[in-house]
Amino acid sequence: MIAKLKSLKYHQGFMKYFKNTSWLFAEKILRIVVSLFVGIWVARYLGPEQFGLFSYAQSFVGLFTAFATLGLDGIVVRELVKDESRRDELIGTAFWLKLIGAFAVLIILAIAIHFTSNDSYTNSLVFIIASATIFQSFNVVDFYFQSKVLSKYVVYANVTSLFITSLIKVTLILNEAPLIAFAWVVLFDSFVLAVGLMCLFLKNSTFRIRNLTFKKETAISLLKDSWPLIFGLIGVSIYSRIDQIMIKEMLDSVAVGYYSVAVRLTEIWLFITTALTTTFFPAIVNAKKQDEALYLDRIQNLYNLLTKISITLSILMMLFSDFIIQLLFGVDYIRSSEILNVYVWSLVFVFLSNGSWSYYLNENLETLASIRLIYGGIANIILNMYLIKEIGVVGAAYSTLISYAIASYFFNSFYRKTRILFKIQTMSFINIIKFNKWLKFT
């Protein structure tokens, strides 16, 4: 075993992906440390009510961000891996599509707020945060770095924006700034990241601003593949964001504050699945072109790792939830502990869901991928209407857990084309006790 691990040091393909993953992990771990310190300070400063209102505004915007991303991320990366010569037209067209989508989000929000009980102050928070989607259009350059397995440049930009905005948040707290100032920081953070990504992209590629053109044929082709994913992302937004919106409408912003702490303590671990699936997606795409057995084996190995990590994290977080919340957020947020004990298990199914995209995209099953997420979103709404009313804010945690399980796991058993994925996922649960099974991307 040791000899095999040592041999991987000289395996060019393995080291390429290992270094890329290391960059992503290092950045995400740094982000967790800094964000925890600053984020906890912000939560303590604002208190459950204002922190809940801030989280509500972010969730409300999050409901509509699917129209800004347009489901293009994985599609563009896939096309760049297949044919790098199309880089300029793919990135340029994706940028303009995302920019149009960002303005569409603002228009939709202007209509949606009329169906809420929000006051003018809450709506101001919503629109300031939503404006960040305009600058997120520049994140298309990240697709290029993903396709080339060069995440270190993305890390440079992320770390720069992280430190700048963190310093600003600390300054706001020390000067007892109002809640709306923190909303402006969200917008500014998006701007700083956009500038950083573009500067690094222009410096480390032959791309030039004049190449940022819109090609109609490419746009049609991309949207043809991504439109099912848009509905899927809407489904994701619903079952990951609707709970906080419904909690505020059915309970109050204080309850949203308690719930938000549980959500954020769970979401800090999502960097693991993001880093792994992003790094190994090109390897899975290439395996699909080489050999079907190798292709399925790589997906299985990825699932084995994701399942082991997610279950381990869920157990640890549940066992130490009281201690973690009191230590980090203080006794004002102790009610978040009960919520966290349930919500943290959604990690398992989120990891499974993220791992599924490699299969869905390679098999051109974007429509099914979207349908499953829509089912999950509908299930979450229905469950929330009953469980929040019956058992309060913890009911939203149960609703999210069940809806994630439906969308990410059980759904795959009902369709012929996805039953192989259901078997792979089930096997990853079985392999949880087999320590000789681990990730093998060779």
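Start by selecting Phe37 and Trp41: both sit in helix α2 (residues 12-62), and because they are 4 residues apart there, about one helical turn separates them. Keep in mind as you look around that this is a predicted model.

Now show the side chains of this pair. How far apart are the ring centres of Phe37 and Trp41? They are 5.7 Å apart, and the planes meet at 65°, so the pair is edge-to-face; the cut-off for that label is an angle over 60 degrees. Trp41, at 29%, counts as partly exposed.

For the next stop, select Phe188 and Phe191. Their rings form an aromatic pair with centres 6.2 Å apart and 35° between the planes, an arrangement that is tilted. Both residues belong to helix α10 (residues 179-203), where they are 3 residues apart, about one turn of the helix.

Then select Phe51, Tyr258, Phe329 and Tyr333 together. Here you will find a cluster, linked by ring pairs.

Finish with a charge and a ring: select Lys248 and Tyr56. Where does Lys248 lie relative to the ring of Tyr56? Lys248 is over the face of Tyr56, 4.8 Å from the ring centre.

How values were computed: Residues are numbered from 1 along each chain as its sequence is written. This is a predicted model: local features need pLDDT of at least 70, side-chain atom pairs count only at pLDDT 80 or more; totals for chains, interfaces and linings use all residues. Side-chain values use heavy atoms; hydrogens and water are left out. Rings of Phe, Tyr and Trp (its six-membered ring) pair if their centres lie within 6.5 Å; planes under 30 degrees apart count as stacked, over 60 as edge-to-face and the rest as tilted. Helices (H or I, at least four residues) and strands (E, at least two) are DSSP runs, numbered from the N terminus. Buried means under 20% relative accessible area, exposed over 50%, partly exposed in between (1.4 Å probe, protein chains only). A charge sits over a ring if NZ of Lys or CZ of Arg is within 6 Å of the ring centre and within 35 degrees of the ring normal.
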